[in-house]
Amino acid sequence: MNLQRLIGTVCGAAMLAGGVSQTALASSADDFNFETTMDLYRVCASIPESDDYVPSVFACRGFIEAAVQYHDAVSDRKQLKRLICYPNTATVADGRRALLAWVERNKGNSTWMKEPPVVGLVRSLADKYPCK
């Protein structure tokens with residue numbers, strides 16, 4: 001994702017909680033350990049009324065941005081196959097929305113929800129931005 005565009009969306013990502021399901025789960029301190037895809041979902045689904053909203057927004061944003069930057073670095077420099085083929089206009093906020101929507105559609109798959117969060121994030125982004 002274009003780094004300048006990503007940096008410019010920090011506040012925008014924080015304000016996008018309106019796109020989250022009203023049944024969004026509150027995050028807990030344990031969720032910030034990011035052990036499962038569901039942990040990442042709970043943090044990224046935090047709502048403005050939540051006491052941990054600000055740290056949740058930045059934790060979610062940092063996780064998504066770091067994972068995508070790593071993906072881009074290894075796939076571009078090592079000639080490895082890309083898993084995510086997003087447009088140049090995609091933002092971290094778009095990635096967050098993709099994750100939240102993907103988890104909402106796949107909550108019933110307990111295996112996927114228990115996977116490491118980076119796996120769930122890449123699954124969600126690959127679903128939204130498949131490589132052809």
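How many helices and how many strands does the secondary structure of the chain come to? I found seven helices and zero strands, where helices (H or I, at least four residues) and strands (E, at least two) are DSSP runs numbered from the N terminus. Read from the N terminus on, the elements run α-α-α-α-α-α-α.

**Entry 1: basis.** I note that the model is predicted, that local features need pLDDT of at least 70 and side-chain atom pairs count only at pLDDT 80 or more, while totals for chains, interfaces and linings use all residues. Residues are numbered from 1 along each chain as its sequence is written, and side-chain values use heavy atoms, with hydrogens and water left out.

**Entry 2: whole chain.** I looked up burial and found that 44% of the 132 residues count as buried. Buried means under 20% relative accessible area, exposed over 50%, and partly exposed in between (1.4 Å probe, protein chains only). The accessible surface comes to about 7,300 Å², and 57% of it belongs to carbon and sulfur atoms; the areas come from the Shrake-Rupley method with a 1.4 Å probe, and for residues only the protein chains shown count as cover. I then turned to contacts, defined as heavy atoms within 4.5 Å. Of those between residues at least 6 apart in sequence, 69% join residues at least 24 apart.

**Entry 3: helix α5.** Helix α5 covers residues 92–106, which is 15 residues. From first C-alpha to last it reaches 21 Å, close to the 21 Å expected at 1.5 Å a residue; the expected span is 1.5 Å times one less than the number of residues. I listed its buried residues as Val 92, Ala 93, Gly 95, Arg 96, Ala 98, Leu 99, Leu 100, Trp 102, Val 103 and Asn 106. Ala 101 also lies in α5, and I recorded it as partly exposed because its relative accessibility is 34%. The C-alpha atom of Ala 101 is separated by 9.8 Å from that of Tyr 41, 60 residues away along the chain.

**Entry 4: α5 against α7.** At what angle do α5 and helix α7 pack? I read about 100°, with the axes 8 Å apart, α7 being residues 117–128. Axes are lines fitted to C-alpha atoms, for helices over the stretch in contact, and angles run from 0 to 180 degrees between N-to-C directions. The angle therefore makes α5 roughly perpendicular to α7, a class that spans 65 to 115 degrees, beside roughly parallel under 35, roughly antiparallel over 145 and oblique for the rest. On the α5 side I found Gly 95, Ala 98, Leu 99, Trp 102 and Arg 105 in the contact, and on the α7 side Gly 120, Leu 121, Arg 123, Ser 124, Leu 125, Asp 127 and Lys 128.

Entry 5: Helix α3 (residues 37–44) is mostly covered, with seven of its eight residues buried. I noted these as Thr 37, Met 38, Asp 39, Leu 40, Tyr 41, Val 43 and Cys 44. In the loop between α2 (10–15) and α3 I checked Phe 34, which has a positive phi of about 50° although it is not a glycine.
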